[in-house]
Amino acid sequence: MNDKLDLSAVQEDFLARRWESAESGCLRILEQAPAHSPAQELLAKIQTARGDFARAIETTERAIGLSPNAADLYRRCGDLYFNMRDLKKAIQLYTKKMIVI
């Protein structure tokens with residue numbers, strides 16, 4: 001596998017709470033492979049951990065576009081909208097999650 005697309009080192013940075021390094025790693029992967037759904041998902045988790053909910057929503061919505069049958073992404077995106085106090089959008093995503101399951 002191409003080392004530039006290896007997510008394991010980025011995941012280690014994420015687990016160690018090295019947010020900047022983890023985010024940079026995800027962005028490097030996404031430069032090479034914009035449709036790399038696991039990198040999109042991890043980037044959204046990093047943005048969430050950093051409290052950047054607006055960017056995490058954008059990233060999660062891109063991940064949903066890449067993996068529309070991944071029900072957990074709808075839940076995570078709904079949680080982000082809930083944290084942003086957009087209850088209508090959160091409920092829409094929670095409902096969509098139930099349809100996908």
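Q: Contact means heavy atoms within 4.5 Å of each other; with that in mind, which residues does Gln47 touch, leaving out residues up to four places away in sequence?
A: Gln47 touches Glu23, Asp52, Arg55, Ala56 and Thr59. The structure is a predicted model, in which local features need pLDDT of at least 70 and side-chain atom pairs count only at pLDDT 80 or more, while totals for chains, interfaces and linings use all residues. Residues are numbered from 1 along each chain as its sequence is written, and side-chain values use heavy atoms, with hydrogens and water left out.

Q: Why is Gln47 called buried?
A: A residue is called buried when its relative accessible area is under 20%, exposed when it is over 50%, and partly exposed in between, using a 1.4 Å probe and protein chains only. Gln47 has 3% relative accessibility, and therefore it counts as buried. Gln47 lies in helix α3, where a helix is a DSSP run of H or I with at least four residues, a strand is a run of E with at least two, and both are numbered from the N terminus.

Q: How do you know that Arg55 and Glu23 form a salt bridge?
A: A salt bridge needs a side-chain nitrogen of Lys or Arg within 4 Å of a carboxyl oxygen of Asp or Glu. In this pair the N to O distance is 2.6 Å, so the side chains of Arg55 and Glu23 meet the condition. The pair links distant parts of the chain, with Arg55 in helix α4 (residues 53-66) and Glu23 in helix α2 (residues 19-32), 32 residues apart. Arg55, at 36%, is partly exposed, whereas Glu23, at 9%, counts as buried. A search of the whole structure finds 8 salt bridges.

Q: Why is Arg76 called buried, and what is the class of Asp72?
A: Arg76 has a relative accessible area of 19%, which falls under the limit for buried, so it is placed in that class. Asp72, at 33% relative accessibility, counts as partly exposed. Arg76 forms a salt bridge with Asp72, the closest N and O atoms being 2.8 Å apart. Both residues of this pair lie in helix α5 (residues 71-83).

Q: Why are α1 and α3 called roughly parallel?
A: Axes are lines fitted to C-alpha atoms, for helices over the stretch in contact, and angles run from 0 to 180 degrees between N-to-C directions. The axes of helix α1 (residues 8-15) and α3 come within 11 Å and cross at roughly 15 degrees. Angles under 35 degrees count as roughly parallel, over 145 as roughly antiparallel, 65 to 115 as roughly perpendicular and the rest as oblique, so α1 is roughly parallel to α3. The contact is made by Val10, Gln11 and Phe14 of α1 and Leu42, Lys45 and Ile46 of α3.

Q: What makes the phi of Arg85 worth noting, and why is Arg85 called exposed?
A: Most residues other than glycine have a negative phi. Arg85 is not a glycine, yet its phi is positive, near 70 degrees. Arg85 lies in the loop between α5 and α6, and its relative accessible area of 67% is over the limit for exposed, so it is given that name.

Terms used: Contact means heavy atoms within 4.5 Å.
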